[in-house]
Amino acid sequence: MTSAASTTDSTDAEPDAEQGPATEAAERPQPAWQRRLRRFGYSAPPRTGVEERLVPPYTGPGPRVWDALRVPAHRVAPLNRLLAWAGPLLVALVAGALRFWNLGRPDKVIFDETYYAKDAWALLHRGYEVNWPKDYNDEVIRLGSDVPLGTDAAYVVHPPIGKWVIALGEWMHGFTPFGWRFMTALLGTLSVLLLCRIGRRLFRSTFLGCLAGGLLAVDGLHFVMSRTALLDLVLMFFVLAAFGCLVVDRDWSRARLLAMLPVDDGLVRPDAEVAETARLGWRPWRIAAGVCLGLAFATKWNGLYILAAFALMSVLWDVGARRVAGAGRPYLSVLKRDVFPAFVSTVPVAIGTYVASWAGWIASDNGYFRNWANTEGKDSAWSFLPDWLRSLWHYEYEVYQFHIGLTSGHTYDSNPWSWLVLGRPVSYYYESPAPGKDGCPVDAGDKCAAEVLALGTPLLWWAACFAVAYALWRWALRRDWRAGAILCGIAAGYLPWFMYQQRTIFYFYAVVFVPFLCLAVAMMVGAILGPPGSTERRRIGGAVTAGVLVLLIVWNFIYFWPIYTGTPIPVDSWRARMWFDTWV
C-alpha cells in the first residue's frame with residue numbers, strides 16, 4: 001500500500017532559478033517566514049529534482065506484496081498498468097449494481113420528481129416545459145408513456161440540461177420511475193469510476209484512488225441521489241468531470257513544459273527563460289473542462305461559482321508549474337502567457353454551452369417568455385439584438401429574482417452550517433404499510449416504515465470533518481497542492497450557500513461536493529497508513545486503523561440501507577436508525 005504522502009510532488013514550492021542538484025538546494029537556508037511557521041507544524045518541501053516535481057511518478061504495491069503473491073519482476077509493471085483500470089472498473093461495477101438494483105421502487109413519483117420527471121418528458125416531446133394538472137402523480141404512474149401532454153408553457157426556474165439528461169432515460173425506457181431514474185443511476189455509477197481515476201492521478205496511487213471511489217459508492221446521500229430524478233446529481237457529475245479534465249490538463253501541460261527544459265548530463269535543469277516565455281499551445285483538456293462547467297451551469301446556476309473557482313485554481317496551477325521550471329516571476333509569466341488562453345478556454349466556452357442548452361426553447365414558438373421581445377419588450381433599447389436573445393435574457397432576470405426571493409419555509413429546509421454533521425436530512429418518501437402488505441413482514445408488529453431518506457453515511461461524513469481539517473493543515477503548512485485542489489472543490493460547492501442563509505435551501509445540495517469529501521478522507525487514510533520508510537510496526541498499526549475505519553463506514557452504509565431504498569422494516573427498527581430527532 002501507498003500513503004498520500006508517498007508522492008514526490010506534494011508541493012509547488014519555488015526553486016532558485018540557478019538551482020543546482022537537489023543535494024545542493026537542500027543546503028540553502030530557509031526563508032524567515034518558513035522558520036517562524038515551523039512552530040505550527042510547517043515542514044519545508046523536499047528538494048527533489050525538477051522532473052519529479054513537474055511530473056511525479058505513480059506508485060504501486062511494494063515489492064513485498066508482489067513477492068508474497070509470487071509475481072515475477074518482469075510482470076510487475078504490466079500488472080500495475082492493468083490495475084490502473086481494473087481496480088476502478090471493479091469499484092464502479094459494484095456501485096452500479098447497488099444503484100440499479102430495484103431502481104423502479106418505490107413505484108411512485110417521489111419528492112421533486114414531481115417537477116423534473118414531468119419537465120423532462122415535456123422537453124422530450126415539446127422542446128419546452130408545460131403545465132401539468134394538480135395532483136396528477138397517480139395518473140402519471142397509471143398511464144406512463146400514454147399520459148396526455150399539454151401545450152401550455154410552464155414557468156420553470158432551472159436551466160434545461162439536467163432535465164434533458166433525465167429525458168434521455170425516459171426516451172430509452174419510457175415515462176416510468178425506472179425510466180426517469182435511469183440516467184441519474186448511470187451518472188452516479190460513472191461518477192464513481194471518474195473519482196477512482198481522478199484520485200489515482202491526484203495521489204499517484206491506484207489504491208487511494210479506488211478507496212476514494214469506493215467511499216463514494218457507499219455514501220448514502222450520493223446513493224439516494226443516484227436513484228432519484230433530481231438535478232443535483234447531474235450537476236455533481238459535470239462538476240466532477242470538469243475537475244478531472246483540469247487535473248489531466250495539469251499533468252499534460254507540465255509534461256509539455258518539462259520537455260522544453262534543458263537536460264544536462266541526463267538531469268533536467270530549471271531554466272528561467274524557458275519557464276517565463278514558453279507557450280504551452282493547444283490545451284484540449286482545459287476546453288473540455290469549459291464544456292463540462294458550462295453543462296454544470298446549464299443544470300443549476302450554482303455551477304457558476306464552481307466555474308469561477310476552478311478557473312482560478314487552474315491558473316494558479318500554471319503559476320506553480322512555471323515556478324518549478326525556474327521562472328523568477330511566475331505570476332507575471334502566467335499573466336502574459338496563460339491567463340488569456342485560460343479565460344478563452346473556459347468562460348466563453350461555458351457561456352456558449354449554456355446558451356446552446358436552451359436550443360429547444362429557442363426553436364419553439366410557445367416556450368414561457370419566448371415571445372417577450374415581440375410583446376412587452378418590443379420598445380427596449382436593446383432591440384438591435386436578436387429577439388430570442390432578449391427574451392432569454394428577460395427570462396433569466398425573472399428567474400434570478402425568484403431565486404433571491406425564495407424565503408418560504410419548508411419542513412426539510414436546513415442551514416448550511418448543519419450539513420457536514422448531518423443536521424437535517426430530507427425525506428423523499430415515507431409510507432407505513434400494515435404487516436403482510438406491500439413488503440411489510442407479517443411479524444412486524446403494529447406497522448412498518450418504508451422511507452427514502454437523503455442522508456449521507458454518518459461515519460463517512462463525520463470522518464470527513466476531520467479529513468477537511470487535515471487537508472487544511474496539509475495545504476497551509478505542507479503546501480500540498482492536492483489538499484488545496486480538494487479544498488477548492490469543497491469550498492466551491494459549499495461556501496456560496498452561506499451567502500443565502502435566509503433562502504430556502506436543502507441538505508441534499510451538498511451532493512455536489514461529496515466526491516471531494518471522499519478524496520479528503522482517502523488522503524487522510526493515506527496519512528494513517530504511514531509515509532514511506534515507516535517501521536513495520538507503524539505500517540501495521542496504520543493499516544489496522546485505516547482498515548477498521550473503512551469497514552465501519554461500509555457497515556454504516558449497510559445498516560442504513562433500508563432507509564436509503566424504501567425497504568419496509570418494523571417501525572422499531574426504523575426508530576433505531578433515527579439517531580437524532582432532527583432526522584425524523
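At 40% relative accessibility, Asn 102 counts as partly exposed, a class that lies between buried (under 20% relative accessible area) and exposed (over 50%), judged with a 1.4 Å probe on protein chains only. The structure is a predicted model, in which local features need pLDDT of at least 70 and side-chain atom pairs count only at pLDDT 80 or more, while totals for chains, interfaces and linings use all residues. Residues are numbered from 1 along each chain as its sequence is written, and side-chain values use heavy atoms, with hydrogens and water left out. Helices (H or I, at least four residues) and strands (E, at least two) are DSSP runs, numbered from the N terminus.

**Loops and backbone features**

- Asn 102 is located in the loop between helix 5 and helix 6, and its phi is near 50 degrees, a positive value in a residue other than glycine.
- The loop between helix 5 (76-100) and helix 6 also holds Pro 106, and the peptide bond leading from Arg 105 to Pro 106 is cis, with omega near 0 degrees.
- Asp 438, which is not a glycine, likewise has a positive phi, of about 50 degrees.
- Asp 438 sits in the loop between strand 3 and strand 4 (448-454) and counts as exposed, at 64% relative accessibility.

**Two glycines**

- Gly 405 belongs to the loop between helix 19 (387-404) and strand 3 (426-431).
- With a relative accessible area of 48%, Gly 405 is partly exposed.
- Between the C-alpha atoms of Gly 405 and Ala 491 there are 24 Å, and the two residues are 86 residues apart along the chain.
- Gly 213 is part of helix 10 (residues 206-217) and is buried, its relative accessible area being 0%.
- Although 121 residues separate Gly 213 from Ala 92 in sequence, their C-alpha atoms are 7.8 Å apart in space.
- Contact means heavy atoms within 4.5 Å; leaving aside neighbours within four places in sequence, Gly 213 is in contact with Val 91, Val 192, Leu 195 and Cys 196.

**Helix pairs**

- Helix axes are lines fitted to C-alpha atoms over the stretch in contact, and the angles run from 0 to 180 degrees between N-to-C directions.
- Angles under 35 degrees count as roughly parallel, over 145 as roughly antiparallel, 65 to 115 as roughly perpendicular and the rest as oblique.
- The axes of helix 6 (residues 113-126) and helix 8 (residues 161-173) come within 8 Å and cross at roughly 75 degrees, so helix 6 is roughly perpendicular to helix 8.
- Helix 6 contributes Tyr 116, Ala 117, Asp 119, Ala 120, Trp 121, Leu 123 and Leu 124 to this contact, and helix 8 contributes Lys 163, Trp 164, Ile 166, Ala 167, Glu 170 and Trp 171.
- The residues of the contact between helix 6 and helix 8 comprise ten nonpolar, no polar and three charged, where Ala, Val, Leu, Ile, Met, Phe, Trp, Tyr, Cys and Pro count as nonpolar, Asp, Glu, Lys and Arg as charged, and the others, Gly among them, as polar.
- Helix 8 also pairs with helix 9 (residues 177-203): their axes come within 7 Å and cross at roughly 125 degrees, which makes helix 8 oblique to helix 9.
- In that pair, Val 165, Ile 166, Leu 168, Gly 169, Glu 170, Met 172 and His 173 of helix 8 meet Phe 178, Gly 179, Trp 180, Phe 182, Met 183 and Leu 187 of helix 9.
- By class, the contact of helix 8 with helix 9 has nine nonpolar, three polar and one charged.
- The axes of helix 15 (residues 303-325) and helix 16 (residues 330-337) come within 9 Å and cross at roughly 120 degrees, and the two helices are therefore oblique to each other.

**Nonpolar cores**

- A nonpolar core is a set of buried Ala, Val, Leu, Ile, Met, Phe, Trp, Tyr and Cys residues joined through side-chain atoms within 4.5 Å.
- The largest nonpolar core has 147 residues, and those with the most contacts inside it are Leu 221, Phe 310, Tyr 428, Trp 461 and Phe 508.
- Helix 12 (residues 232-260) supplies the largest share of this core, 14 residues.
- Another core, of 14 residues, lies apart from it and includes Leu 257, Ala 275, Leu 280 and Val 324.
- Beyond its neighbours within four places in sequence, Tyr 428 is in contact with residues including Ile 110, Phe 111, Val 224, Val 452 and Phe 508.
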